[in-house]
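Please look over the structure below with its sequence at hand. The report that follows is meant to be read alongside both.

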Amino acid sequence: MIQFCKNCGAKIVFDPKTNCMYCDNCGSFFDVSEYQIEEGYQEDAPVPQSQLYGDYANPPAYGGGQQQAYGGQQYGQQQAYGSQQYGGQQYGQQQAYGSQQTYGNGQQYGSQQTYGTQQEYAGQQGYTDQQAYAPLDMECYIYRCGSCGAEISINNVEASTFCVYCGNPNVVFSRVAKVKRPQKIIPFSVTWQQAEMLIRAKVRDGFFIPNEIKNFRVEMLRGIYIPYYITCIGYRDAMEVKSTVKRGKDSETIYSLRSGYCVFDRMTTDASRRLTDATSEKLEPFNMQELKDFNENYLTGFYADVSDVDPQEACVTAYWRARGLFEEEILKSVEGSSKKILQQYPEYIVQTEPMKTMFPAWFLTFRYKDRPYTILVNGQTGKVVGGIPWNKTKFITLFVIIAVLLSIIIIPILKGYFILEFGSGRRYSSSSNDSSGKLLVYIVIGAGLAISAGVTKLKRVLKSIRLASESSLTSFVSKRQKGG
Amino acid sequence: MLLIFSIILGIPLGVGVALYICGIMLENTSMGNFSGTDTTLSSKGVVITYSEDSVGKNTTINYTYPGCPFNINKERNRK
């Protein structure tokens, strides 16, 4: 969507620093609200706010007759249930999510993917009076990468000559599309210059990061709005946990029972298949207090990823994320180590249809040894995420040097100790024999633990790098390249 | 003999510590993990309604959730 300066007529963009619309030509600033949506989109009549769902800031209480259950499934027992006829899906059997199910005021949702008339849909989503006049769809100029197939919407910026996902210079205009308007948005707070400084500071600290990456081209930095869903999901679980505790010198296996619930009223899941859930989770948390009603003016000057995840899928992702967070908290309350959940009975309920939003992120895409890598910066908090390549030769060289130096220092110390303690001709009492023996055992155990700790640490770091690396982000890329 | 013993213990110690140090330095290459908690995505966080330690194996699990603000299926038949 293109907006023009009221003073000089040049194109204007949203400025994250001032939170206003800014004209680079004449230096004018305008409030976002000064640029209204075109009249042609106005609805004819006001739409009443929904009684059932309310707005995001005041979610309705759970339970009771009017509450619409979005789902209510028990995993594991494969029973489908729910207080309303929505969902009833059984995991593993891949049933259609809510075919011919109804919710709300009898609007059909599910296989036909209709939300009733536009006016009724807007009312049920709890739009404010102002939003009730807003269109449900918006026009986007979609650009497509010829290499990886990624599609992105460009808003009042120069079309990029390279793809923000795979870095290939093969981006062409595809079409003008109507996409569903998000309900909320977190505008950019971190400017382009700040994002560059944050990334430079982060890569500068990486000892094993290749110099070519430390000197990245800043023009490869792009601001993108990523589509997200915010789901209000109630989760509860009852479980039996097995753990091992130390009782003096012995260890004992104990069994613990825990039951509890959690209402995740702002569970976020990304709505783009190009960005893996693991990567989008790393970008979080976002400060939800800064959520604003969606206004297309916030998009000007930035790219926007096209949403290709439907709400049903978002609910499933939200369930798994809720379950993981819940289990993590429960296990913290159980004493001991080597904790394992032996049995559990998870249940969940989704209160309302997931709310579509857009969250800001800066993307820096570059290629190293013919592989694409992406560093992301949270456009609100400035958190830097992403796995970047590391110099393996440098790592091995440094490791060998440190290992040799440490060994050269430790061996004479140990030899001196052994000569003192166990040298020939020396008489010992039985008590000093015991303490020397114990110390020797500790040294042996210490050597074993040092190796174990070093290997464990390295494994964990390598796994983290692998998960954050662009192999997962670009799995979509290589699949498309191979025709998958 | 003592020298051999020193070498046998010294090398694993040196290698292990070197691995750990290099692992810490490499960790700077991996950037970012979800730094939130259950209260980041939830107003009140996880509420534990029942807690019991050192029970027998396969003890019957408590399925009641007093204070839980949502119901799912009251007639659900549990094992």
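## Basis of the model

This is a predicted model, in which local features need pLDDT of at least 70 and side-chain atom pairs count only at pLDDT 80 or more, while totals for chains, interfaces and linings use all residues. Residues are numbered from 1 along each chain as its sequence is written, and chains are lettered from A and ligands numbered from 1 in the order in which they are written.

## Chain A overall

Chain A holds 10 helices and 20 strands, where helices (H or I, at least four residues) and strands (E, at least two) are DSSP runs numbered from the N terminus. Of its 484 residues, 39% are buried, a residue being buried if 20 or more other C-beta atoms, placed from the backbone, lie within 10 Å of its own. Among the contacts in chain A with a separation of 6 or more, 70% join residues 24 or more positions apart; two residues are in contact if their C-beta atoms, placed from the backbone, lie within 7 Å.

Strands β1 (residues 12-15) and β2 (residues 20-23) of chain A pair in the antiparallel sense over 4 bridges, pairing being assigned if DSSP finds at least two bridges between two strands. In this pair A:Phe14 stands opposite A:Met21, and within the hairpin, which has 4 residues between the strands, A:Asn19 takes a positive phi near 65 degrees.

Helix α6(A) has 22 residues and reaches 32 Å from its first C-alpha to its last, close to the 32 Å expected at 1.5 Å a residue, the expected span being 1.5 Å times one less than the number of residues. Its buried residues, including A:Ala318, A:Tyr319 and A:Ala322, pack against β12, β13 and β17 of chain A.

The largest nonpolar core has 101 residues, of which A:Ile233, A:Ala322 and A:Ala361 touch the most other members; such a core is a set of buried Ala, Val, Leu, Ile, Met, Phe, Trp, Tyr and Cys residues joined through C-beta atoms within 7 Å. The largest share of this core, 12 residues, comes from β12(A). Among the residues that A:Ile233 touches are A:Phe264, A:Ala318, A:Ala322 and A:Tyr348.

## Contact with chain B

The contact takes 80 residues from chain A and 63 residues from chain B. Elements that each supply at least two residues of the chain A side include β12 (221-247), β13 (250-270), α6 (311-332) and α8 (430-468). That side divides into 48 nonpolar, 16 polar and 16 charged residues, with Ala, Val, Leu, Ile, Met, Phe, Trp, Tyr, Cys and Pro counted as nonpolar, Asp, Glu, Lys and Arg as charged, and the others, Gly among them, as polar.

Strand β13(A) is also joined by 6 bridges to strand β2 (residues 47-55) of chain B, and the two run antiparallel. Within β2(B), B:Ile48 is the bridge partner of A:Gly260.

Terms used
Buried ≥ 20, exposed ≤ 12 C-beta atoms within 10 Å, placed from the backbone. Lists of a residue's contacts leave out its neighbours within four places in sequence.
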